Amino acid sequence: MSEPVKRRRRPAVACVLCRRRKIKCNREFPCTNCIRSRTGDCVYEARPVETSDEPRDAPANAFSGAGQWKPHQQPILPSPYPQTSAAKSNVGSHHSSPGSMQSSPVPKQLSHENEAKRLRLRIRELEDQLSRVSIESSSSSPLTTVSSSIETTTSKLGGVFHVQCDTPIGNGGPMIARSMMHKTRMFGQSHWCVTGVLLIRDIFETIDAQLQERGAEAWAGIARCKTLARYIKARRSPAWPASRNSPLPEKCVADALVKNYLENMELLYRVLHIPTFQERYDALWTSDTPPDPAFAVQVKLVLALGAVTHDETFSLRTCAMQWAYEAQTWLTEPKFKARLDIQTIQTNILLLFAQEQLGIVGDSMWISVGGLVRRAIYMGLHRDPARLPDRTILASEMHRRLWNTISELNLQSSLGSGGPVFMSMSDFDTLPPGNFDDDQLLELDPVPRPPHECTQMTLALALRETCSQRLDALRFLNDVSSGGSYEETLRLDAELRASYKLLGQRLQSCRGQGAKASLTSIELRVLDIIMYRYLTALHVPYFVAAMQEAKYAYSRAVVVDCALKVWTSLAGSPSIRGAVSVSPPPPSFDATDHLRRKVTRGMGFFTIAAMHSALLVVMELRAQLRESSGLGPKLLRPDLLAVLQQSQAWSLEVIRAGHTNVKGYLLLRIIAEHIDGMSRSLSQEALVENLLRAAMDVSETCDMSGDWAFTTFRSPSAMATVNILYPSGPSFDLDYYLGKHMPIVQENWKPLGLQSWEIIVLEPGQQYQIQAILKWDSLESFSKAKEGEAGANVFGDIPKFTTAKPDAVVGNRTAGQSLL
């Protein structure tokens, strides 16, 4: 009997993981199952056999030669601008007609494109991981091994801070701060406090012990400021849940607020389609039917954001708080499915901005943005409209604009909080918005303008072009698994600078033919500030180390240079004239444009950027003093000294504008006294006395008074009050008075000593109908202001709103006492 013929064993064509799990392998490299498992490399015992029935969605030329993988050398995200007719047809024609936008792509071709793009993104992620591993493993230096430790700093002024630091083992390398715990919150490496605590802890350690022993009076004043601040914030907050029946302001005021928002904020963060919003807003004032509640909430949020920089005193703060609370009440109603629409997404974004700018206590921006991202993904905003059911050009572009804004908010909140960004470029395929003016989207067949033409989208698209580089930087800084090597910091720095350099060259010559002729100087400053913030975040972990090791000198130079540029753009003076002294601070801060008003009156990203930049500059000044040698006078850079002086004036102006936190002003005053003592080579005892006196001065400067609706601060000479009373009877145009006349008063009399004003509408039946309370630094200043051109401008405007002859009651402040 013959032996049975042995069947030839078939060669293994599946990868090791798929064979072990007994699942079907698509024989790609890496295969789909290995990509999903995220367990490591995809390993084959033998090369996958090339067959004619290769999967349809495998990218062409994926394997070549001896089976080596060759990634596609194509951009991660295609440009929103059409290059050729063939390129247009790959994604779907966005320029044919609103009704036929989705009919042109072939499903099979679109599937190939999706798979190819997914693989290219995955390749890039793997290459990034490989580059980091290579950098860490290529060196046999002990620097590759670090030990983690917790540095705890306790201060009566600031509280308890636990900073997690990494220190290289073996060669005594520098200590690098990675994260920080304060109370119940954890901040990642990009948060400004993580390195800031290490920079200033010695100052607070010096003053803290002395405050407890000899500074009882100063500490009592600071504690009183904190108590009053908590009370003011509680009184400012409207009742919860807030009633949504509050009326809109007068039309002239509302128009000014809407215009302020659309011109100064909407073009950076695209949320609304301006012509559509403007049309519906105008109808609110002419229609007899009740307005749509959802749109009324949206309008109130726009008014609240416009109120922040409407005037120099933020006179509409109380109204803005009420409008924001009404929007929050509306959004928390239990109507989840009914709120899954574009209008609600817009309202969510506007509410986030309002809460941040007004300082409304709630979840941090990072937490709220995380919920917004998930809501947007649930609605499909992360998928490009070309891959979704048919929709109009306007709907498709608003889809892309909103996702672009949400992505930018995600990056911005991660940078500010130090939290993980929780997003990669492979998590979405929504294309960048087209370079359209808003009016173009109402046309039948709009064509996007070329990149070199300026439109209402240019600013937002400029940020999108650097999205990938900024995302890489944030993942490097804030991801828990990030190694944080200095070589990787330098690589990311070079990539970010190169991309922004190319972008800047194009934007400088960008001119438009439509709604926007060119980018304003303020818009260019905003772009600069954002990019410098990312560069600062990359290098500031090595700022302290650079003071000990020359290896990190480049990072120190980058931090100081970026901080100076950010400070000058936001709050400083671009020119330095003559010698500058560390004290006293200048008498006032000049908010010359809406950006400076935002950084003073509002809160959030730009205010923190100004504070962080000022702190880094003054700490560099202190470091230079410590490093100086010789017996002669210590010469310091005048531009750094100017920031020391200007930052104190700015922080005081922030408090005058209504902020209740005095820690920033206290910190800068103490550091200024410390630098002054070091420059004069004072003894330790004299230095401590100066620091205690500075703390006491800050507590005495705080004078929270009035009706607790706002916070006022005064200098010792702010003693005069002028009451202007308008008799009852004659007509009085209150809209003109508030919207036109008081800005004239402010513009003409503020430089002459006017410090604040308040308008009171008196009850009917009294002798007077309107009372204006003007606070002056002295009666002499008021007497001078009445004369000359300034007085003529103010008094000459009175006949335009009333025929009444006002009475003036003047006097000096003699005494006063808070009863809280």
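Helix α11 is mostly covered, with 16 of its 17 residues buried, where buried means under 20% relative accessible area, exposed over 50% and partly exposed in between (1.4 Å probe, protein chains only). The model is predicted, so local features need pLDDT of at least 70 and side-chain atom pairs count only at pLDDT 80 or more, while totals for chains, interfaces and linings use all residues. Residues are numbered from 1 along each chain as its sequence is written, and side-chain values use heavy atoms, leaving out hydrogens and water.

Helices here are DSSP runs (H or I, at least four residues), numbered from the N terminus. The 17 residues of α11 (residues 342-358) should span 24 Å at 1.5 Å a residue, and this agrees with its end C-alpha atoms, which are 24 Å apart; the expected span is 1.5 Å times one less than the number of residues. Just after α11 comes Gly-359, with a positive phi of about 70 degrees.

Further along, Thr-392 sits in the loop between α12 (365-378) and α13 (393-417). Thr-392 is partly exposed, because its relative accessible area is 36%. Leu-444, 52 residues apart from Thr-392 in sequence, is 9.6 Å from it in space, C-alpha to C-alpha.

Next comes a helix pair. α13 packs with α15 (residues 467-478) at an angle of about 35 degrees, their axes 10 Å apart; axes are lines fitted to C-alpha atoms over the stretch in contact, with angles from 0 to 180 degrees between N-to-C directions. Residues in the contact (heavy atoms within 4.5 Å) include Leu-411 and Leu-415 of α13, and Leu-471 and Leu-474 of α15.

How values were computed. Helix = DSSP H or I, 4+ residues; strand = E, 2+ residues; numbered from the N terminus.
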